[in-house]
Amino acid sequence: MSSDQFDSALDLLRRLPPHSTSANLTRICALAPSLTEDLLSSVDQPLQTRQCRKTKKEYLLCDYNRDGDSYRSPWSNEFEPELGDDEDGGKPSERVRKMEVEMGRAVEVYRELYYEGGVSSVYFWDLDDGFAGVVLLKKTTPKGSSEGGWDSIHVFEAIDRARTAHYKLTSTVILHLRAANEALGDMDLSGNMTRQIEQDMPVQNDASHIVNVGKLVEDMELKMRNLLQEVYFGKAKDIVGDLRSIQPLTEANRDKATHQEMINSMKR
């Protein structure tokens, strides 16, 4: 694989519509198969859902529960489709699997309180000096004249230390909003945001990890939601307001002149 090819592929994906990331990623992988593994592990794309064959519950697909063309269900802890006899698919140890299940239950409660629906999944895996995991959340609106989707991907590492643990959290939010009607026309607002944080927190037992990771994820989601609402949507509103105004131009110019006169008088 050429590093120039990989950089060019990432650069191209950044310039294409975010809501078409999955389709464009598939096309690039078809053109350059050698880039497939690196692109799938590097590019954040809207999460896909699948139904567990055993429990009939939905779960989310990502690169962290994938092995080839198979995905591990967090409900049954089995890969679907099944792997070969000589492959285990990298399942978590018994201790980490127990934490994975408990974290999954906690995230379900969080999802119902904050999102009032949607789908969530949690996947953990072992590290030499601790463990790592990913918390996934997805909420979409029914398709129609207006539709939208929210995907949260929280990847973390927990490194065990004496009575404390060092956590590193990388969070990505993918937002997609689309509306179409005669008065508005076609409106498409989509994009993604990534933030990272590192923090040391006290740990007494494995249950402490669930509390600590849950607090980090909740705080990060709150910060990112506020950023989207106040900064990104606020800026978009200001731009649209400057481009299109129901106020006559003469009144707008008069208000600006009055405002400038007040500023000049304060400087004297």
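Predicted model: local features only at pLDDT ≥ 70, side-chain atom pairs only at ≥ 80, totals over all residues.
**Surface patch and pockets**

**The nonpolar patch**

- Met187, Leu189, Val231, Tyr232 and Phe233 together make the nonpolar surface patch, which covers about 410 Å², and the elements that supply two or more residues to this patch are β10 (185–202) and α5 (206–243).
- Leu189, which lies in strand β10, counts as partly exposed because its relative accessibility is 34%.

**The largest pocket**

- The largest pocket has a volume of about 540 Å³, and among the 22 residues that line this pocket, Leu40, Val43, Gln45, Cys62 and Asp63 lie nearest its centre.
- Two or more lining residues of the largest pocket come from each of α2 (21–31), α3 (36–42), β8 (146–160) and β9 (164–181), with α3 giving the most, at three residues.
- Sorted by class, the lining of the largest pocket holds 10 nonpolar, nine polar and three charged residues.

**The second largest pocket**

- The elements giving two or more residues to the lining of the second largest pocket are α2, β7 (130–140), β8, β9 and β10, and β8 gives the most, with five residues.
- By class, the lining of the second largest pocket is made up of six nonpolar, 11 polar and five charged residues.

Terms used:
Residues numbered from 1 in each chain as written. Heavy atoms only, no water. Patch = residues over 30% accessible without salt bridge, like charges linked within 9 Å, V, L, I, M, F, W, Y side chains within 5 Å. Areas by Shrake-Rupley, 256 points an atom, 1.4 Å probe, with all protein chains shown as cover. Salt bridge = Lys/Arg side-chain N within 4 Å of Asp/Glu carboxyl O. Helix = DSSP H or I, 4+ residues; strand = E, 2+ residues; numbered from the N terminus. Buried < 20%, exposed > 50% of the residue type's maximum accessible area, 1.4 Å probe, protein only. 1 Å grid on protein atoms, 1.4 Å probe; cavity = no way out; pocket = protein on both sides within 12 Å on 5 of 7 lines; lining within 4 Å. Points joined across faces, edges and corners; volume = space filled by probe spheres on them. Nonpolar A, V, L, I, M, F, W, Y, C, P; charged D, E, K, R; others polar.
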